[in-house]
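Please consider the structure shown below and how its chains meet one another. The explanation that follows leads from one interface to the next.

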Amino acid sequence: MARTADVVIIGGGIHGCSTALHLALRGLKPILIEKDYAGRHASGVNAGGVRQLARDLLEIPLSIASMELWERIEELVGDDCGFSSHGTVLIAESDEELAGFRERVDDLHLRGLTHEELIDRAELKRLVPAVSDYCPGGVVSRRDGAADPFRTTQAFRRRAVEEGAEIIEGVTVTGLTRVGSNWRVETSDGAFEAPKVVNAAGAWADRIAAMLGEPVPLTVVAPMLMVTSALAPFIEPVVILRGRKLSFKQRENGTVVIGGGHLATPYRDRNETVIDWNKLALSARTVWELFPAMHEATIVRAWAGIEAYMPDGVPVVGRSSTSEGIFHQFGFSTHGFQLGPATGAVMAELVATGSTNTPIDGLGIERFRP
Amino acid sequence: MTAASDLAPSYDLVVIGGGPAGLAAASLAARAGVSTVLFDENPGVGGQIYRAITTTPVADRAVLGEDYWAGAELASEAKASGALIVNGATVWSLDPQKIVGVSIAGKARMIEAKHVIIATGSQERPFPIPGWTLPGVMTAGGAQTALKAQGLVPSGRTVMAGTGPLLWLLAAQTLRAGGRIDAILDTTPWRNWLQALVHLPDFALSPYFAKGLALLREVKAKVPVHRIDRVGAVGKEKLSEVVFASGGRERRLPADLLLLHQGVVPNVNLANAAGVEHVWNDRQLCFVPVLDADFGSSVPGIAVTGDGAGIAGGTAAAERGRIAAIAAVRALRPEATLPDTQAIRQKLQREEMGRAFLDWLNRPAESFRQPEGETLACRCEEVTAKQVRDMARIGCEGPNQMKAFLRCGMGPCQGRLCGLTVTELIAAERKMTPAEVGYYRLRPPVKPITLAELASLPISEAERKAVER
Amino acid sequence: MFKRLADTGTAVAIVVDGKPVAARAGDTVAAALLAAGIDHCRTTPVTGAPRAPYCLMGVCFECLVTVDGVGSRQGCLIPVHDGMKVETQIGKREAGR
């Protein structure tokens, strides 16, 4: 006998857990199936940036909605998730770069989006005193911040369970078929049936889509991060670059997390990644130039989480284009952590009511139809 | 001195660790014509057992004993073998493609290897007792290193505590050198004899039997030995006294130095980070790599040999190193003439004889492996046993989740001094076996490197172009 | 805690927190500190507790010190040299120090 639920969610990252919580808050009974444990991959080991800054226009509504949730995250999940808000600063490394940033910010302002704000050299120095003098300015999003990714994912998981969701870990989905008005989800631990299924399987989501005859051009990637031993506090906002790859933040315990998108080699069938030190050396050089004070900081760990990257760099959020009752929520392309809270809420709304007030146009899977 | 810039971009064989296993392996492979480099992070070769074998200031050979001096031959053989031996070289990364990240004098290089032999040996088992982080508390192995390498002997009020052959060896060496030991607190549980006894006949045939008895006699004639089941270090900013008990009776000894030891366990960090599969060994109470008869690991082209393959001692380590090297040479240079493997295996078998007895007899008691209350489990991040136990009780199922919740294992030692403790505590609280709980997934760099070191990696022209803005 | 078995070896003068310390060729930084009778070589970044060399074989990372301006070096792995400047580390290091 297959076990039944209102919704089966495949994947226990922050997106799956957030959707599970929001469905449960709507009084539905979701079962979430995770092949490892919640937050095992990208959701638990990402850089923890909570950023509205420098997002694709298609994502901005979800990002703004998420920010509202982040700002009351403790109320939502019963844990502050280590969230702190000191802004994100996108640093320009040259005048030309700054000119490009100005165009973007002006364009956003014309669209009525005011979260990005151009800053000059003096304001940059005030926000990030440790930065090298050659940087002429940048862009700040002052409400942005950072959180602890594993703790956040676990908090969503825990609250979802408290609200009535069932979370099953260590179980792999092996098949997905239509049975009457239900979907039958075959797993390594028996079958589940539900009228609705949410595919939040991250780097493995293409396999779920393929079971529906709906192939997607997903690339499996593993952005690398490294962390230093604890240093006395010297920088508050998260710093990112656009020309060169860098994200840089100091956590409250003093450690500095350095990332930015250089990729490790992922082996998704073995849950393994292999670090590329030559690329991390590029990050080290970038940090070296941007923050001379960091020269002798010691790097204690490097890692990479496995996730999905879409060809256009924006996620797949919405209904399946082939299969009634199936919804997709994956492909966040190395910047999905901040979007987790609201995307789960939007997905729950979509699943429960058939529509959502938050614009998600352009994020549908149909854009990849041949 | 070999500098990072002197290294070739690739070697047929990279040996990591310059103890008996690494020295024997490098020397055999180089003699068979394989281009071989040996990296060792210490100032000189010898590993821990033959520490400072070429430079020790301890001139009186009787102090360290003939077993120590046997290392001199290994060192000189390796030096003459043609292998490039680089000391002060810290290997901080190894991946399944056999790319080796190494730093020498603050400069880093990535070296390609066709074959890698990990010979990083063992470390002392964590000994988490109250106060074990106080200055004045050290490992017995540490004191032995100071004796071998710098001729330093304990001179203040000194107490030794624990179990295992090394404790008695250090005591004897210290006494011969004129050092001071006020008391030895023997933590070996009596009931270990029940399991050890059946292996006594084998042990009686091993070379360690007579040596062991002689050591015990030598030490016990000069130092009071107390059987204890509880010990703690007390002091404000540094150790002032050692508190111990047997049964209910608590005693105190004023002390300047407390030396702890409860056996050694494989140093798994590098192999673990390279993706080598490990399993729990219940007799030795530690994780050991899964290996074939030639010490080949689950990652093709990476072997783990010596005590890193499971504890067997220094002489066995050299034989194990030779076996691993022969397999490497067969793969790399099939036409090479090689020594008789069968003879080496027989020698190894003789050396490993009696290991079961030693393992069962010196198995540390649960109370010394699974601390309670405010005793620190993780020294680096100062996480208490109670925190780990509580977190396990409320649902934390594994060491990797524990890392994320409590930061244990996230400090600079990267779990070397808390990994086994955390695994055992989770197992105890969740009524699981350590095998089921598993160990930390370790991340490179397995030794911290500075940002400047990492930035010093030579960057290829292609990569330089790729990042030009 | 420790005494030298024989006063052999060439004298090496190092400076620890601004004060001269007599070491010997063949000493590592950690051994030199122990021989000189220092109480502790750092305080922890978490609670500020004092720590001293513990394992002397590169495993425990308790002997982390600043050597010639480079912080968090493992004192037990670095041989002393004349004029070496060693600083004990107090809590979290300052970036750039």
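Chain C and chain B bury about 3,600 Å² between them, 62% of it on carbon and sulfur atoms; buried area is the accessible area (1.4 Å probe) that two parts lose on being put together, summed over both. This is a predicted model, in which local features need pLDDT of at least 70 and side-chain atom pairs count only at pLDDT 80 or more, whereas totals for chains, interfaces and linings use all residues. Residues are numbered from 1 along each chain as its sequence is written, chains are lettered from A and ligands numbered from 1 in the order in which they are written, and side-chain values use heavy atoms, without hydrogens and water.

To this contact (heavy atoms within 4.5 Å), chain C gives 37 residues and chain B gives 50 residues. Two salt bridges cross the interface of chain C and chain B, a salt bridge being a side-chain nitrogen of Lys or Arg within 4 Å of a carboxyl oxygen of Asp or Glu. C:Glu62 forms a salt bridge with B:Arg379, with 2.7 Å between the closest N and O atoms.

Strands also meet here. Strand 9 (residues 152–154) of chain B and strand 1 of chain C run antiparallel and are joined by three bridges; two strands pair if DSSP finds at least two bridges between them, and strands are DSSP runs (E, at least two residues), numbered from the N terminus. B:Leu152 has C:Arg4 as its bridge partner in strand 1 of chain C.

Between chain A and chain C, the buried area is about 810 Å², 57% of it on carbon and sulfur atoms. Twelve residues of chain A and ten residues of chain C take part in the contact, and the count of salt bridges between these chains is zero.

How values were computed
Helix = DSSP H or I, 4+ residues; strand = E, 2+ residues; numbered from the N terminus.
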